[in-house]
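Reader: I have a model open and want to go through its fold and packing. Can you take me through it?

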Amino acid sequence: MAEPQSQADETSICLVIERVRQGSAYRNIHESVLRRVTAGELSKGRSIKEAVRAVRNKLHQVGGAYISRAVDYARLTAQLTSLPGDAQSPALRAFCREALQLHASTRERLPILEEFFYRALQGIAPLRSVLDLACGMNPLALPWMPLAQGATYHACDIYTDLLSFLNDFFAHLSIRGHALPCDLAGETCTPPRAQLALLLKTLPCLEQQERQVGEKLLSNIPAENILVSFPVHSLGGRDKGMVNNYSRRFEQLAGSGRWRLQRFDFPGELAYLLSVSEGEKVEMDRAD
């Protein structure tokens, strides 16, 4: 009797995913994310119609709310091919600023872009390797990061069309690295080790899916340093006491573990640089 029920569950999952993907905003979300979120909503006893609505709402909270309109990646790629392959070229940097405006998270950071990465990362520069988690458009900020010559840059996100564009971007700049799909709230993410991991404005979105995901994620990120940041106001620009709420909870979460914390307060963004002790670095090297 269990097998027909399993088949029915799989049929329902496929049906919900098919209907969710009829909305253009959800068409390019990676399959593993769609399956996890859909299975979770159906397990609550929802009907197909209810599950479709619930899945779309959750996916909007996770990423869709940050993209106000569909991004024309084909146009961006065409623009990119006509530009120099030098990250410090004024034309290339202007292109990157234009692209960073297309995602709300990076658009908010544009006024402090150079200051943000200089202040937060000067103590660990130059960066030999970067792991950009739930990256969005942030890899296009690499011209403002203190990267070492020949540094590697790996990025992950849930949008497959974005990942394809980022791989074109890395190839154009001859960056050693790759953009790949990764479900941080699931079990499908095994990123490479890095000197620095970026987790920018990501934890609040992930915790809407799973409340305790932050603690689990921080303990499993294979990096010597993690730059974590939080928004200080809502997407609508309202102050909801977010700085106090995020700082209190995060400092309790990260301050009791193996990390040394440095806090940076920027206009529009609160950031923390977490660094492991020298003893922890030795243990990580041994594990490799």
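Author: One term to start: contact means heavy atoms within 4.5 Å. With that, Gly214, Glu215 and Leu218 in α10 meet Phe250, Leu253 and Ala254 in α11. Helices (H or I, at least four residues) and strands (E, at least two) are DSSP runs, numbered from the N terminus.

Reader: What should I know about the model and its numbering?

Author: This is a predicted model, in which local features need pLDDT of at least 70 and side-chain atom pairs count only at pLDDT 80 or more, while totals for chains, interfaces and linings use all residues. Residues are numbered from 1 along each chain as its sequence is written, and side-chain values use heavy atoms, with hydrogens and water left out.

Reader: Back to α10 and α11. At what angle do they cross?

Author: Roughly 45°, with the axes of α10 (residues 213-220) and α11 (residues 242-255) coming within 10 Å. Axes are lines fitted to C-alpha atoms, for helices over the stretch in contact, and angles run from 0 to 180 degrees between N-to-C directions. That makes α10 oblique to α11; angles under 35 degrees count as roughly parallel, over 145 as roughly antiparallel, 65 to 115 as roughly perpendicular and the rest as oblique.

Reader: Ok, the sheet. What's the strand order?

Author: β3-β2-β1-β4-β5-β7-β6, in an open sheet of seven strands with mixed pairing. Two strands pair if DSSP finds at least two bridges between them. β3 (176-181) and β6 (259-266) are at the edges with a single partner strand each, so one side of each has no neighbour in the sheet. From one strand to the next, the twist averages 15°.

Reader: How do β5 and β7 pair?

Author: In the antiparallel sense, over seven bridges, between residues 223-231 and residues 269-276. Asn225 has Ser275 in β7 as its bridge partner.

Reader: Which helix packs on the sheet there?

Author: Helix α7 (residues 113-121) packs on the sheet and touches β1 (127-132), β4 (194-200), β5, β6 and β7. Its direction makes about 155° with that of β6.

Reader: Phe117, buried or exposed?

Author: Buried, with a relative accessible area of 0%. Buried means under 20%, exposed over 50% and partly exposed in between, with a 1.4 Å probe and protein chains only. Phe117 lies in α7 and, leaving out residues up to four places away in sequence, touches residues including Trp144, Met145 and Leu200.

Reader: And how much of the whole protein is buried?

Author: 47% of the 288 residues count as buried.
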